[in-house]
Structures are given as structure tokens and as C-alpha cells.
Amino acid sequence: MALGPSAPARRLLDDNRRTLVMVWIMAIMIFLTVLAAGLGLGTVHAATSLDNELAGRLTVQVVEADTAARDAATAAILDRLEGFPGVKRVEQVPPERLNALLKPWLGEAGLDADLPMPTMIDVDLSDASDAMVARISAIARQASDHAVVDRHATWLSPVRDFLTTLMLLALALIILMLIATGAVVLLAARTGLDTHRDTIEVLHMLGSTDIQVARLFQRRIALETLIGGVIGTLAALALCWFLQMRLALLGSGAISGMVLEPRDWLILAAIPFLFALLAMLAARLSVQRALGRTL
Amino acid sequence: MANIVQFENVGLRYGTGPETLSDVSFTLAAGAFYFLTGASGAGKTSLLKLLYLARRPTRGVIRLFGEDAVTLPRKRLPGFRRRIGVVFQDFRLVPHLSAYDNIALPLRIAGMPESEIEAPVREMLAWVGLTERGRAKPPTLSGGEQQRIAIARAVIGRPEILVADEPTGNVDPAMAERLLHLFESLNRLGTTIVVATHDFHLINRVGHAQMMRLDNGRISDPTGLLRHPPRRVEE
Ligand SMILES: Nc1ncnc2c1ncn2[C@@H]1O[C@H](COP(=O)(O)OP(=O)(O)O)[C@@H](O)[C@H]1O
Ligand SMILES: [Mg+2]
């Protein structure tokens, strides 16, 4: 059908001022969406690296009243695990740090030299599989019946909680933006139908199908979304890149996991195209539905 | 096909008002030339709107091209409308399209490739004497010029029926005659022509034309005035 992508077809609906408004609204909305998506993806990476880190970390506790037996068992465990394949680092938690950890619970008085204190050994694994954890447990149990292996539960980390909150927030923002964009498109389509009522009536009288008319709108709205989307996305990507540079300077903690990988940049760059596609479908549906109510 | 249009006891009511058209019955033969006359407000435009499928009647039967046009599903309307050329009383040109693009519109809608559009559009512009005005936008054209563009747009698709609602209202007598010749040559090519007008001078120029007269929304047969009244459908 030759109301196709020709110049005359584009001229059929002429309203340049409205187009400019649409482009800017779309630019702002897609800027925010890309930013939220960037935050979301960065947070996913941070969470993943934190999970890996926590999953590879164990604590072996030796809880024994007899301090001599306790220290012997501790030494034996340290000895066995040192250089054990899959173990990255083994280190006994210094008693002072243990005291500092327990002080809030026991108070100054509780830290009595007579009080049997457990020893703790931090173990970092390069292989965090269940089998590996079982092997470490077996070694510890061999050294002492009172050795307990604690796997650091990922959900215990408050940082991890915060990251989850951030991810959900980013997701919610993206969904809100999608809904808002859909609403803007429906509004634009409806306003367009109103503005061009006379032209559309003439087109119908000359034998245009609803699909032909809808196509005029959907092409225009998709194009406006795409142009605005590209502007917004470029701005958001520039901002993401700037934030990455700043993060790199901080260079520590869970936040350092928030780097965007090449694949992430591609996903972010695809967002305006996704939005343009959605805008096109929304425009098509709303125009066809509105026209279906006329003769 | 003998009858291209058939109206049977057609009535039309706008909203809850009185009937604008009542008991309208007639048939139009394919390839004939018809004038529709009647005082202003008699219902000529309303009748033509039913004919070119801009409205559905409130009662009665309308058959177009041998098919029931009253219950025609919406999806089939475009196909029917492409077979009918319309010169609207108020022209209905698209104001932001050039004269050229307005005339080309039916061909583009019908899906004709761009390369095949220029020649017929140029030919139509020449036919209505507006070769020089192809790039002009309708608001910059005079009423008569707009009317000629509207006629060019109505006939360019070689419709089976041409419906013209007072198509010579805004042009001088010489141009009116020229446009009438245009309709006649189209008629000779087989197009059924229906022209609403109260210009009796014009009507008298087409010897073989038949005439229908509307009075207060009814087809009337006043003695003496009618030449070749179209055959009424007998119930
Ligand atoms: N859209 C409309 N809504 C309500 N009344 C209308 C409408 N169009 C026409 N009419 C009425 O129908 C009658 C016939 O009008 P019309 O068909 O335009 O007559 P004509 O073309 O012969 O002058 C007039 O009384 C007019 O007021
Ligand atoms: Mg009229």
C-alpha cells in the first residue's frame, strides 16, 4: 500500500510543533529509563560479585572448653588447610578481634580469661562448591569433634540487602517508565486523531483502510520516540560512563563490582529501539481501535 | 450489470430529528448520466452521502454494485469506496498537501507505485486547466480552482461511479461547461455519473441525462419538469 514511507505520506499529517514536544518528552523519559537500567545492571553485577565472594568464605569454629585441646585442634586444622587445593587463604581470627566482636554481647566483665573462648579460622575458597565445603568440614571434624563449619549466608549481609533493594528500585522505575511512555503514546495518538480528523475522514472517503491510516500515525510516533530515545540514551550513557570513572577512582568494596560490561552497554543502547517498537504497537492499536468506532 | 445502484424505501434521520429522506426508491443504470435536483435543504447531499457510503440509512435497502451496502462490514468499505469518485460540496481537499498531492491521493491509497503516478496526475492537472498550480496549497487557490482540483481527484482513479455534489457552484459558466465535458467524456468511458445541481442551464446541456428531483426528502415527479425520470422500483 503506497501510503508507504514516501515523502507525500509523511506530509499527510503535518504538525511540526507537536513533534518537537513528543521528541523531548521521549528523550527525557528514555534518559531516565536508561539511567535506571544502568543502575540496575550495575547493581546486578555488584550483587553477583558479592555473592561469589561470600559464597567462597567459610568460618571454622572450634568450641572446646579445654584450651590446650582447642589450640591443638586449631593448629591441626590450620596445618591441613594451608595449601589444600581450592583453598585460597586460611587465617586464624586474632583473639583480640574475637574479643572485640563478643564485647557487645558479654560486656567488659564477661571477657574473663577463664571463660572458654572458641577459636575461629577464616577460610577463603577459590572453589565454593558444596563438595568442597563438605571436604573442609570433614577435615575440621577430624581434628576435633567440636569443630563447626559456618558458611557465610549471603542473605545475612546488609550490603547484599541494600543491593537487592536497589535492583528492585531500578526494576520498578523501568516498569513505571514503560507505563508512562505507553500513556504518552496513547495520548499522542488520540490527540493526533483529533487534530487530523478532517484529513482522516477524507482518506477514508477515498478508500483508505484503517491500517493505512494507523500506519501513518504509528510510523510518525515510532520515529519521534526513536529520535527522542537516541538523544536521551546518549545523554544517559554519557552520565553512566562518567559515574563509572568516578567509581573506578573509589575502587573499593561492593561498589567496585558495579562496573558495566560491554554487553550491558549494548543492552542499554537497545532501549530506545525497544521503546520505539512499543510506541509503534501502542499507536497502531489505539488508532485502529478509535477508527473502528467510526463508520 | 444493468443496475449499479438500487435504493428501496430508504429513510435517513439525523439523530432524533425528523426524517431528512423518506421512502426514497430508485435505480441507476450502469453507464448512465443522472442529475439530482431539488431546492437547497431538500436532501441532495444527504442522498449522495448514502450513495458514497459516508452514512448508513436508518431504514430501507441500498444495493451497490449488486451487493447489500447497508450491512456491508466495515472492512469492505474501502474496497467499495475506491470504486466511487466523489466531488464533495465543500471540496474536502487536504489543506497542507499541494494540489498535485491532493490529486495523487486516490492513486497512492490504491497502492499505485510512485513512478506510475506522475503521468496521470499531470494529465488531470492539464484537464482541469491547472498545470501551473500543481505545487500550490489549496488555501492559496480560488474557490473555482479548488473545485477543479476536487474534481480531478474524484476522477483520477477511473471510478465506476462519479458522484458530484454541486460541482460547478464556484466556477464561471465557461469553466462549468468545460467540467461538464469532462464528466461526459468520463461517462463515455463507461462511468456512471450522478451530479447534484440546481443549475438548469447545465442540465439542459446534457441531452441524454436523466433527472431526479428531491422535494423535502422525497423523490418527486412533478409533471413537465422531469425528462427521462429514472425508473422507480415497484414494490
Ligand atoms: N449532519 C447533519 N445533521 C443534522 N441535520 C443535517 C445534517 N446534514 C444535513 N442535515 C439536514 O438535512 C436536510 C437536508 O440537507 P442536505 O442533504 O444538505 O440538503 P441539500 O444538499 O439538498 O441542500 C437539511 O434540513 C439539513 O439541515
Ligand atoms: Mg447540498
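## Overall size and fold of chain B

In this predicted model, chain B has a radius of gyration of 17 Å, which agrees with the value near 18 Å that a compact globule of 235 residues would have. Along its principal axes, the C-alpha trace of chain B spans about 50 × 40 × 35 Å. The secondary structure of the chain comes to 7 helices and 10 strands.

Of the 235 residues in chain B, 54% are buried. If one takes the contacts in chain B between residues at least 6 apart in sequence, 66% of them join residues that are at least 24 apart.

## Surface and charge

Chain B exposes about 10,000 Å², and carbon and sulfur atoms supply 49% of that area. The chain carries 30 positive and 24 negative side chains, and the centres of these two sets lie 4 Å apart.

## The magnesium site

The magnesium ion, which is ligand 2, is coordinated by OG1 of B:Thr45 and OE1 of B:Gln89, at 1.9 to 2.3 Å. B:Thr45 belongs to helix α1 (residues 44–51) of chain B, whereas B:Gln89 sits in the loop between β6 (84–87) and α3 (99–109), so the pair ties together parts of the chain that are 44 residues apart in sequence.

Are these two residues buried or exposed, or do they fall in between? B:Thr45 has a relative accessible area of 24% and is therefore partly exposed, because the buried class is limited to values under 20% and the exposed class to values over 50%. B:Gln89, at 38% relative accessibility, also counts as partly exposed.

## Helix α1 and the residue after it

Helix α1 of chain B, in which B:Thr45 lies, is mostly covered, with 6 of its 8 residues buried. The buried residues of this helix are B:Lys44, B:Ser46, B:Leu47, B:Leu48, B:Leu50 and B:Leu51. Just after the helix, B:Leu53 takes a positive phi of about 65°.

## A glycine in strand β4

Where in chain B is B:Gly60 placed? This glycine is in strand β4, which covers residues 59–64, and with a relative accessible area of 33% B:Gly60 is partly exposed.

Although B:Gly60 and B:Gly11 are 49 residues apart along the chain, their C-alpha atoms are separated by 6.1 Å. When residues up to four places away in sequence are not counted, B:Gly60 touches B:Glu8, B:Asn9, B:Val10 and B:Val70.

Conventions: Residues are numbered from 1 along each chain as its sequence is written. Chains are lettered from A and ligands numbered from 1 in the order in which they are written. This is a predicted model: local features need pLDDT of at least 70, side-chain atom pairs count only at pLDDT 80 or more; totals for chains, interfaces and linings use all residues. Side-chain values use heavy atoms; hydrogens and water are left out. Helices (H or I, at least four residues) and strands (E, at least two) are DSSP runs, numbered from the N terminus. The radius of gyration is taken over C-alpha atoms; the globule rule is 2.2 Å times the number of residues to the power 0.38. Buried means under 20% relative accessible area, exposed over 50%, partly exposed in between (1.4 Å probe, protein chains only). Contact means heavy atoms within 4.5 Å. Accessible areas come from the Shrake-Rupley method with a 1.4 Å probe; for residues, only the protein chains shown count as cover. Lys and Arg count as positive and Asp and Glu as negative; His and the chain ends are not counted. The place of a charge is taken as NZ of Lys, CZ of Arg, CG of Asp or CD of Glu. Donors are N, O and S atoms within 2.8 Å of the metal (3.2 Å for Na, K and Ca); water is not among the atoms, so sites may look incomplete.
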